[in-house]
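Here are my notes on this one, for when you have it open in your viewer.

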Amino acid sequence: MRDDSHLPSALQGLRLPMIASPLFIISVPELVIAQCKAGIVGSFPALNAREGEGEHPLLDTWLTQIKEELDRHNQAHPDRPAAPFAVNQIVHRSNGRLERDLEICVKHEVPIWITSLGARVEVNEAAHSCGGIVLHDIINNTFARKAIEKGADGLVAVAAGAGGHAGQQSPFALVGEIREWFDGPIALSGSIATGEALLAARAMGADLGYTGSPFIATDEANADQGYKDMIVESGADDIVYSSLFTGVWGNYLKGSVRNAGMDPDNLPQADASSMNFSDGSSKPKAWKTIWGSGQGIGAVKSVGPAGAIVDRMEKEYLAAGRKLAAEFS
């Protein structure tokens, strides 16, 4: 039994030490609920809950749905309660919904807040006001220090190979440098698609793995079938690292770039000034069929339920642990 007593209570007692990362457009209540029921932290970006002008906030409706369904599960299965859920807030200044979404998350006492694209004191204070914890995603040690200085409780270290917006540093270097000064919770992102990778993440000093791309190829994901199939059919060689599509460097499926009529090996660059979250989107409509993915998708062999991914990774994680224990005994 692993010792997680040093972690905040929201991150203790998970079936696997793992957070399902919030996937743009793809993460919806059905996927989050399935992830939590499977025993890992499920999450979604607040901006995925879109609504027309004047409509009741869809984020409020989603949070009610998630909480009620997980409560029903816990009452029916007290021996295997669901893991808590997380909401991702894009704190970039162009996110015109941020203040309203913060109020809704406080109202629902969201237990885990994942913040991206800028660390802001007032966001951390809002989370703490309702008993939540904040994990801020970063791509280097400098940003990690800034996030903790501004009141984040923990970090998501987004290393090379992660899907969507990703850093370029080796996970060994990134986690190692942060652990020299920070003893709080760290989740590692970057090709954590197998139980062996999850065990390796913990061995190098991370507390949790942060897994996204495998959950695209699931029944519950709000993704085009072609996207799911491309995840299954692709591997690490099929990923391109580019800033063109959002102004921030990230990893994408080469096949989707080709299908959009571009050469994935000869893409121009863009800069952060092209980011715009005022309408809930970080992508111009022209790029809506450019599909993000991490390098770990070679482990994904078929489309199926989200719970099956957790089942597979648990078996791999435990088997890898037994193998190492035998070698070092």
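1. Start with helix 2 (residues 58-76) and helix 3 (residues 98-107): in this predicted model their axes sit 10 Å apart and pack at an angle of about 25°. Angles under 35 degrees count as roughly parallel, so that is what we call helix 2 and helix 3. Their crossing is right-handed.

2. Who touches whom here? On the helix 2 side you'll find Leu59, Asp60 and Leu63, which meet Asp101, Ile104, Cys105 and Lys107 of helix 3. By type, the contact of helix 2 with helix 3 splits into four nonpolar and three charged residues, with no polar ones.

3. Leu63 is worth a click. Skipping neighbours within four places in sequence, Leu63 is in contact with Phe44, Phe85, Val87, Ile104, Cys105, His108 and Val110.

4. Leu63 also turns up in the largest nonpolar core, which has 76 residues; Leu63, Phe85, Trp113, Leu188 and Phe215 have the most contacts inside it. Helix 10 (residues 306-328) gives the most to this core, namely six residues. There's a second, separate core too, with 19 residues, among them Leu11, Ile114, Val156 and Leu208.

5. Two backbone spots to look at. Leu117, not a glycine, has a positive phi of about 60°; this residue lies in the loop between strand 4 (112-116) and helix 4 (121-129) and is partly exposed, at 26% relative accessible area.

6. The other is Ser191, also not a glycine, with a positive phi of about 65°. Ser191 is in the loop between strand 8 (186-189) and helix 7 (195-203), and its relative accessible area of 28% makes it partly exposed.

How values were computed: Residues are numbered from 1 along each chain as its sequence is written. This is a predicted model: local features need pLDDT of at least 70, side-chain atom pairs count only at pLDDT 80 or more; totals for chains, interfaces and linings use all residues. Side-chain values use heavy atoms; hydrogens and water are left out. Axes are lines fitted to C-alpha atoms, for helices over the stretch in contact, and angles run from 0 to 180 degrees between N-to-C directions. Helices (H or I, at least four residues) and strands (E, at least two) are DSSP runs, numbered from the N terminus. Angles under 35 degrees count as roughly parallel, over 145 as roughly antiparallel, 65 to 115 as roughly perpendicular and the rest as oblique. A crossing is left-handed if the near helix is turned anticlockwise from the far one by less than a right angle, and right-handed if clockwise. Contact means heavy atoms within 4.5 Å. Ala, Val, Leu, Ile, Met, Phe, Trp, Tyr, Cys and Pro count as nonpolar, Asp, Glu, Lys and Arg as charged, and the others, Gly among them, as polar. A nonpolar core is a set of buried Ala, Val, Leu, Ile, Met, Phe, Trp, Tyr and Cys residues joined through side-chain atoms within 4.5 Å. Buried means under 20% relative accessible area, exposed over 50%, partly exposed in between (1.4 Å probe, protein chains only).
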